[in-house]
Amino acid sequence: MSETTSTRKQKKPLLNGRRALPSNNSNAEENEVPEMEVFGLTPRGFNPKDYLHVVDIHMFKEPYEINKQQHHTDKYYSPKLIVRRGQPFQIQIDFNRPYKPDTDQFWLEYLIGRYPQQNKGTYIPVLVGDELKPGEWGAKITHKENNSIRLSIMSSATCIIGKFRLYVAISSPFGIFRTRRNAETDTYILFNPWCQQDAVFLDDEKEREEYVLNDVGVIFHGDVNDIKLRSWSYGQFEEDILDACLFLMDKAELELSGRGNPIKIVRVASAVINSKDDDGVIAGSWDNSYTYGVAPSIWTGSVDILLEYYSSRQPVRYGQCWVFAGVFNTFLRCLGIPARVITNYSSAHDNNANLQLDFYLDEEGKLDTKTTKDSIWNYHCWNEAWMSRPDLPVGFGGWQVVDATPQETSDGMYRCGPTSVQAIKHGHVCFQFDAPFVFAEVNSDIVYSRRERNGAQVIEKIDMTHVGKLIVTKEIGSDGMMDITEEYKFQEGSDEERLALDTAVMYGVKKQITQDTVYYPQTDVDMDFQVQKAILGSDFKVTIAFKNKSQNYYSATAYFSGNIVFYTGVMKSEFKNQTFNVTLAPSSSSTFDVVIKSSEYLGELLDQASFHFFVTARINETGKILAVQKATVLEIPMLHIKTQGETVAGREMFVTVEFTNPLNQTLENVTLRLEGPGVLRTMKKDFRQIPANSTLIWEVKCTPKRPGLRKLIASLNCDALRHVYGELNVQIQKL
């Protein structure tokens, strides 16, 4: 075999017996496109420059020019042309001489990936015609002047999302000439919620402004009885974020031909946002130990996380549910898919998806922590993405649940969704993807049961209303809270709700009916408790109330358990327990206070200052057990942000962050973080110590880039104190 033949064989891509070409699953890789394709032999003295050829191409890609203005892409910090599919855009071609339509023939070629093929949508020849058809590739000349022509180009409404390379091809009697590879003419094509033919079309302008164009949002956390919020910088328009998001699809090895389908994109993204099985973007940690990384609470936005991953190709440590949801939201909005972050309060993590969370009590009515495996998260954040679902029956398009937090595997990977919210509401859990798991998160019952000495299992209480009590997202156009619980479930106890549950069971959701169980609840005595709102570091009390609705005298032995928990409902330690006796006269009420001292909990407290209180009471006369549980969070001090001087785009301004340590102890190894899209890139500063009750002041200089209403977001983090935030809306004036 000759050396040239051997070299040629080595250059060929590795093939297998199943396909003629290797997988085309990288937007970053390119093929070589010949500048000249000759038809047979060329005559002596042939010079390509004697024929029509391209001198220059103008892309009109500046933020103030027509393309980015009309396509709502003017906020992207990118020098390249960024357009949305299914909508015309303009380019200008300068030739070496005037274009003669009767004799000259040219066309455009858009290519993506290393192995472009026309039938896969990765090689797109665009011919010049007389008119543009909506939602189909085409081009027409709109203006001619001297050696230049202006083209209006329409892309397909189902076009692949990504970065395309542009070539202009010109036909001559002896062959085809093409322009050279020029990165300046690269064109990013995104989803288009403004286009009726696009699968992500959203018909409300205010919703498009919120769910596609808003680069700062609010994420709700805390507890259903004490809702807290924090701002999050999505930063989908920041420099290199679009390339980072496209890289995630390369990382997930999603075939380029599938990248026009939002269903496929969100499914693979829900896996690649977490690192669990594919070295994706964020490594999760829920054990309060953040070695070799930073606590999830320190992040104020998605930009640093995505850029760190894009440059290092290594998972960023660490995240929890709101971090996964915040970064996922950036990815979706950046590509043009309308998206929002959802918080489900009292979210069930039902290990076997049987719509039942089992809490086991011992003989005395205390919680048996060894046998109780299910947990209730104080809250859980996921995302909704807006799209049509042609793979499902009519009516199940619209908002779809997608969740990147690694909880359970789906088709062998840690991912979840897209799941139709409408299907969840009506119990149609047979429709893909992962509907039974999401249905259980918002619909599970809590069952308290006790095993008697003879082996019989006694159900003491079934709570059908605790889980999925409140489901919320940010209001459109403001930082308020929008209650969307009714989008997920019918009113508790209604006929529609029972029908939805029966439908879910019919379609295969397990509704466990425990064998050998007896359920005779104590109905004539009520028990509940309230937790006093308190600031971190202070004492507070829990008031337990009993109400005897009968004409009988009762006495009860009650047990109070106070636990430090992760926000996922998993217990770290019991820091307080107390037993007390209660006498209940007929038709009367009585209360009992339990005082919680700061010295009892401060040394044990976890990230989000979360407590879980559990109260059980045995009615001595009947042997029946009452059980109530509640989660609560303490008030954490805020950071205060101020600006000094004028706030004008392009001019230097000063920002001050203030914090007063509320604890009677010195805070050590404190990190402050400040960011604001369009105002400043993320800034960090470490402080060795903040003495007890003292105030820290940090002043920074910055030059805002973009006029308009912007938001500054700050966080403080140390081992003793986390989830400390502050924010400030700033009106940046035009120069």
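Tutor: Let's start with the labels: helices (H or I, at least four residues) and strands (E, at least two) are DSSP runs, numbered from the N terminus. What you see is a predicted model, in which local features need pLDDT of at least 70 and side-chain atom pairs count only at pLDDT 80 or more, while totals for chains, interfaces and linings use all residues. Residues are numbered from 1 along each chain as its sequence is written, and side-chain values use heavy atoms, with hydrogens and water left out.

Now to your site. UniProt positions are given in the numbering used here, with shortened feature names, and annotations may be inferred rather than shown by experiment. An unreviewed UniProt entry places the feature "active site" at Cys321, His380 and Asp403. These three span 83 residues in sequence, yet no two of their C-alpha atoms are more than 9.9 Å apart, so they gather at one spot.

Take Cys321, which you will find in helix H7 (residues 321–335). Here we need a word for how hidden a residue is: buried means under 20% relative accessible area, exposed means over 50%, and partly exposed lies in between (1.4 Å probe, protein chains only). With 0% relative accessibility, Cys321 counts as buried. Who surrounds this residue? A contact means heavy atoms within 4.5 Å. If we set aside neighbours within four places in sequence, Cys321 is in contact with Trp286, Trp377, Tyr379, His380, Cys381, Thr405 and Tyr567.

His380 sits in strand E18 (residues 375–387). His380 has a relative accessibility of 0%, so this residue counts as buried. Not counting residues up to four places away in sequence, His380 touches Cys321 and Asp403, and among the others are Ile342, Thr343, Asn344, Ser347, Thr405, Gln407 and Glu441.

The buried ones are Ala435, Phe437, Val438, Phe439, Ala440, Glu441, Val442 and Asn443. Look at Ala440, which lies in H9 (residues 435–443). Ala440 has a relative accessible area of 3%, which means it is buried. Ala440 and Ala504 are 64 residues apart in sequence, and their C-alpha atoms are 9.9 Å apart in space. In the loop between helix H8 (421–426) and H9 you can find Phe433. The peptide bond from Gln432 to Phe433 is cis, with omega near 5°.

There is a cis peptide bond from Arg317 to Tyr318 too, with omega near 5°. Tyr318 belongs to strand E15 (residues 316–319).

Next, a pair of helices. Axes are lines fitted to C-alpha atoms, for helices over the stretch in contact, and angles run from 0 to 180 degrees between N-to-C directions. Helix H4 (residues 241–251) packs with helix H6 (residues 303–312) at an angle of about 55°, and their axes are 9 Å apart. That makes H4 oblique to H6, since angles under 35 degrees count as roughly parallel, over 145 as roughly antiparallel, 65 to 115 as roughly perpendicular and the rest as oblique. Where do the two helices meet? On the H4 side, the residues include Ala244, Phe247 and Leu248, and on the H6 side they include Val303, Leu306 and Tyr310.

Let's finish with a sheet. Two strands pair if DSSP finds at least two bridges between them. Four strands form an open sheet in the order E31-E30-E33-E34, with antiparallel pairing. Strand E31 (571–584) and strand E34 (625–633) stand at the edges, each with a single partner strand, so one side of each is left without a neighbour in the sheet. From one strand to the next, the twist averages 15°. Strand E33 (residues 610–619) and E34 run antiparallel and are joined by nine bridges. Phe613 stands opposite Lys630 in E34.

Ser587 is a residue other than glycine with a positive phi, near 50°. Its relative accessible area is 48%, so Ser587 is partly exposed.
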